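Thanks for passing this one along. Please keep the viewer open while you go through my notes.

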Amino acid sequence: MSLSPAKQKFVNCASSTFGKGAVITRAQTCEVLEKFNLGWPSWFLRAPYKIERGKYRLPVEGDVKSLCETHQ
C-alpha cells in the first residue's frame, strides 16, 4: 500500500496517538485532526478502512515514522 505524504502523515499521527493498526472512531479521528492541525481525511472514512458504522482501522505499512513528534 502506498500513501501520499498527507495521508501518511495522518496515519503516523493517529498511530502515535492510538497505536499501529488501531480501530478508531470518527470522534477520535477529529481529535487527531485538531491535535496535529491536519485536513479532513475523506479517504480514510470509506472502504477499505471503514470496518463498521463510525469505526475505522488505521492502515499499517512497515514501520511508522513519527512525523508528529514536533507537535506533541
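1. **Ground rules.** This is a predicted model, in which local features need pLDDT of at least 70, side-chain atom pairs count only at pLDDT 80 or more, and totals for chains, interfaces and linings use all residues. Residues are numbered from 1 along each chain as its sequence is written, and side-chain values use heavy atoms, with hydrogens and water left out.

2. **Overall layout.** The protein chain has two helices and three strands, arranged along the sequence as α-β-α-β-β. Here helices (H or I, at least four residues) and strands (E, at least two) are DSSP runs, numbered from the N terminus. Of the 72 residues in the chain, 33% are buried; buried means under 20% relative accessible area, exposed over 50%, and partly exposed in between (1.4 Å probe, protein chains only). Among contacts with a separation of 6 or more, 60% are between residues 24 or more positions apart, where contact means heavy atoms within 4.5 Å.

3. **The helix pair.** Two packed helices are described by the angle between their axes and the distance between the axes. Helix H1 (residues 5-18) and helix H2 (residues 26-36) have axes that come within 10 Å and cross at roughly 110 degrees. That makes H1 roughly perpendicular to H2; the classes are roughly parallel under 35 degrees, roughly antiparallel over 145, roughly perpendicular from 65 to 115, and oblique for the rest. Axes are lines fitted to C-alpha atoms, for helices over the stretch in contact, and angles run from 0 to 180 degrees between N-to-C directions.

4. **Who meets whom.** On the H1 side the contact includes Phe10, Cys13 and Phe18, and on the H2 side it includes Thr29, Val32 and Phe36. By class, this contact has seven nonpolar, four polar and two charged residues.

5. **The core.** The largest nonpolar core has 17 residues, and those with the most contacts inside it are Phe10, Val32, Leu38, Trp43, Phe44 and Leu58. Such a core is a set of buried Ala, Val, Leu, Ile, Met, Phe, Trp, Tyr and Cys residues joined through side-chain atoms within 4.5 Å. H1 and H2 are the elements that give two or more residues to this core, and H1 gives the most, with four. Leaving aside residues up to four places away in sequence, Leu38 touches Lys9, Phe10, Cys13, Val32 and Leu33.

6. **The sheet.** The three strands make an open antiparallel sheet in the order E1-E3-E2. Strands E1 (23-25) and E2 (50-52) each have a single partner strand, so one side of each is left without a neighbour in the sheet. Neighbouring strands are turned by 40 degrees against each other on average, direction ignored. Three bridges join E1 to E3 (residues 55-57), and strands pair if DSSP finds at least two bridges between them. Val23 stands opposite Arg57 in E3. H2 lies across E1 and E3, at about 85 degrees to E1.

7. Is Thr29 buried or exposed? Thr29, in helix H2, counts as buried because its relative accessibility is 0%. Its contacts, not counting residues up to four places away in sequence, are Phe10, Ile24, Pro41 and Phe44. Lys20, in the loop between H1 and E1, is partly exposed at 44% relative accessible area. The C-alpha atoms of Lys20 and Leu58 are separated by 6.9 Å, although these residues are 38 residues apart along the chain.

Conventions:
Ala, Val, Leu, Ile, Met, Phe, Trp, Tyr, Cys and Pro count as nonpolar, Asp, Glu, Lys and Arg as charged, and the others, Gly among them, as polar.
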